[in-house]
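This report describes the fold of the structure shown below, taking one chain after the other. It is written for a reader who is new to structural description.

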Amino acid sequence: MSATLARDETRAFGPRRLWICLNGIVWRESLRFLHQRERFVSALVRPLVWLFIFAAGFRQTLGVSIIPPYDTYVLYEVYITPGLMAMIQLFNGMQSSLSMVYDREMGSMRMLLVSPAPRWFLLTAKLIAGVTVSILQVYTFLVIAYFWEITPPSWWNYLTVLPALMLSGLMMGAFGMLLSSLIKQLENFAGVMNFVIFPMFFASSALYPLWRVQEGSPWLALVCKLNPFTYAVELTRFAFYGQFEPISFVVVVGCTIAFLAAAIWAYDPSRGILMRKGS
Amino acid sequence: MSADVDALTVEHVTHAYGARVALDDVSFAVAPSSFCVLLGLNGAGKSTLFSVITHLYAARSGRVRIFGHDVARESGPALARLGVVFQSRTLDPDLSVEQNLAYHGALQGMTRGERRERQKILLERVGLADRARDKARHLSGGQMRRIEIARALLHQPKLVLLDEPTAGLDIKSRADILSIVRDLARDDGVGVLWTTHLVDEIRAEDHVVVLHKGKLRGDDSCAAIVAQSGAAGIGEAFTKLTGAPALAGEIEA
């Protein structure tokens, strides 16, 4: 019996083990998401309310003229669809940061962090798991939008948008992870909703083109231009129409790297985010 | 690994939260294949020490080694040799027992085949082989603990840490868990660090480390600590060493 329960040599943690580890984290996050039906439904209802009610209501008042990537006049609901896709990812990124605060309080974060895989890898894997879930949400939303007759120019574009969703999901997830390192306790999360999610969403190009904002308030337009969320929206919008928008790409990639590096820094064992509670 | 390397070495570990000193120059070692009790009341610094050993965060100063591997500098090889049962429940209640074990196996980089083989042995060992497909939320507190012990052993660690594993359990569950873990140290060559505030979980031959208000107050076999302090039992010895009353559960360990 003795040889079976403990052994002297450990497995070297090479690329194969890391791959197993990453898969396990993504698998667990997806299972958890499927078990939380309410979370799935609310993640879907939110953008649908915007699409079916808000956009339909504003259809007459807010016409959108021809701006790239559109080559014709578009209905307002068509315009805001990419913004709503990005909104799903924004909420999801914040939700996974909420789950990190929760995990930290409940101990499952400690489970994760006693893995022999490097900590930066574990945090990145957790991030990728969250992005996978957000992409599932976006595609479910697109299926419903399809029946509302909101479709990209070609079937092919359902694929071209995928890399953009991955990138913008990573950016939002990394931002959420950074926020989670700054939040001491779960209760503070309501503040994040009010002071982070809503301003980010409204002060962006998700609901109205920037040139229109510029006409109304140059000051607000500047805020929108400084908001990384705007670039996630535009990257998604162009990709949904089979086009590549280099500036958005650079901003999104740059912000992802910066947010993730800061989050990994904050979660470093010697830095003490995790010791705040003292337990 | 040569036999003379300790399973766990804690060397001059000091840690503070702001001005509050939680650990003050704590040093001790746990030998392979031994059952070591870390005894201290709530607030003694046990949880802080636990967090430092598991590399949740780094101590302000001092060093922790697991089979010679520095937890801060070589955390991969150190953590690969370590199994942990945390004080708070860390099974995912919505997942089945098997799914919980699969997640942990993946975190340890185990293939499905490796994990299944180990899972079979371990669930039998903790007497829950027939519960693999049940959701964790349908288990009793004692059963969850036993699953957590099986999980901690999944990757065949040579050192196992348990943070107050009997907290909140009934008498029979406590005794069952204690006996499973004692067998591990005796039969399987696993070094065990068992954290508790209850003196009745200690046997005369156990290695006991007494921690009080962040300071080490005793580090020897239970029998030696009792003899040195001139007390009648470990409970009285604890009181003499710390000035605080010892707590007992209600089991014969």
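Two strands are said to pair if DSSP finds at least two bridges between them. In chain B, strand S3 (residues 35-39) and strand S8 (residues 191-196) pair in the parallel sense over five bridges. One example is B:Leu38, whose bridge partner in S8(B) is B:Thr195. The model is predicted.

## Chain A: a helical chain

The secondary structure of chain A consists of 12 helices and zero strands. Read from the N terminus, its elements run α-α-α-α-α-α-α-α-α-α-α-α. Of the 279 residues in chain A, 43% are buried. Among contacts in this chain between residues at least 6 apart in sequence, 77% join residues at least 24 apart.

A cis peptide bond, with omega of about 5 degrees, joins A:Pro68 and A:Pro69. A:Pro69 has its place in the loop between helix H3 (37-58) and helix H4 (76-106) of chain A.

## Two packed helices in chain A

Two packed helices are described by the angle between their axes and the distance between the axes. In chain A, the axes of helix H6 (residues 119-147) and helix H7 (residues 157-182) come within 8 Å and cross at roughly 130 degrees. Angles of 65 to 115 degrees count as roughly perpendicular and those over 145 as roughly antiparallel. H6(A) and H7(A) are therefore oblique to each other. The crossing in which H6(A) passes H7(A) is right-handed.

On the side of H6(A), the residues that meet H7(A) are A:Leu123, A:Leu127, A:Gly130, A:Val131, A:Ser134, A:Ile135, A:Val138 and A:Leu142. Their counterparts in H7(A) are A:Tyr158, A:Leu165, A:Met166, A:Gly169, A:Leu170, A:Gly173, A:Ala174 and A:Met177. The residues of this contact comprise 12 nonpolar, four polar and no charged. An α-helix has 3.6 residues a turn, so residues three or four places apart point the same way.

## The four-stranded sheet of chain B

In chain B, four strands form an open sheet in the order S2-S1-S4-S5, with antiparallel pairing. Strand S2 (20-30) and strand S5 (69-70) stand at the edges with a single partner strand each, so one side of each is left without a neighbour in the sheet.

Strand S1 (residues 8-17) of chain B pairs with S2(B) in the antiparallel sense over seven bridges. Within this pair, B:Tyr17 stands opposite B:Arg20 in S2(B). The two strands form a hairpin with two residues between them, and B:Gly18 in the turn has a positive phi of about 60 degrees. Strand S4 (residues 61-66) of chain B and S5(B) are also antiparallel and pair over two bridges. Here B:Ile66 has B:His69 in S5(B) as its bridge partner.

## The six-stranded sheet of chain B

Six strands of chain B form an open sheet in the order S6-S7-S8-S3-S9-S10, and the pairing is mixed. At the edges stand strand S6 (82-85) and strand S10 (215-221), each with a single partner strand, so one side of each is left without a neighbour in the sheet. From one strand to the next, the twist averages 15 degrees.

Helix H5 (residues 141-153) of chain B packs on this sheet and touches S6 and strand S7 (159-163); the direction of H5 makes about 165 degrees with that of S6(B). Helix H7 (residues 222-229) of chain B also packs on the sheet, touching strand S9 (207-212) and S10; the direction of H7 makes about 115 degrees with that of S10(B).

## An enclosed helix and local backbone features in chain B

Helix H1 (residues 46-53) of chain B is largely enclosed by the rest of the structure, because eight of its eight residues are buried. Among them are B:Lys46, B:Leu49, B:Phe50 and B:Ile53. Just after H1(B), B:His55 takes a positive phi of about 65 degrees.

Positive phi values also occur in two loops of chain B. B:Gln156, a residue other than glycine, has phi near 55 degrees and lies in the loop between H5 and S7. B:Gln156 is buried, with 24 other C-beta atoms within 10 Å. B:Lys213 is not a glycine either, and its positive phi is about 50 degrees. B:Lys213 sits in the loop between S9 and S10 and counts as partly exposed, with 17 C-beta neighbours inside 10 Å.

Methods: Residues are numbered from 1 along each chain as its sequence is written. Chains are lettered from A and ligands numbered from 1 in the order in which they are written. This is a predicted model: local features need pLDDT of at least 70, side-chain atom pairs count only at pLDDT 80 or more; totals for chains, interfaces and linings use all residues. Axes are lines fitted to C-alpha atoms, for helices over the stretch in contact, and angles run from 0 to 180 degrees between N-to-C directions. Angles under 35 degrees count as roughly parallel, over 145 as roughly antiparallel, 65 to 115 as roughly perpendicular and the rest as oblique. A crossing is left-handed if the near helix is turned anticlockwise from the far one by less than a right angle, and right-handed if clockwise. Two residues are in contact if their C-beta atoms, placed from the backbone, lie within 7 Å. Ala, Val, Leu, Ile, Met, Phe, Trp, Tyr, Cys and Pro count as nonpolar, Asp, Glu, Lys and Arg as charged, and the others, Gly among them, as polar. A residue is buried if 20 or more other C-beta atoms lie within 10 Å of its own, exposed if 12 or fewer, and partly exposed in between; C-beta atoms are placed from the backbone.
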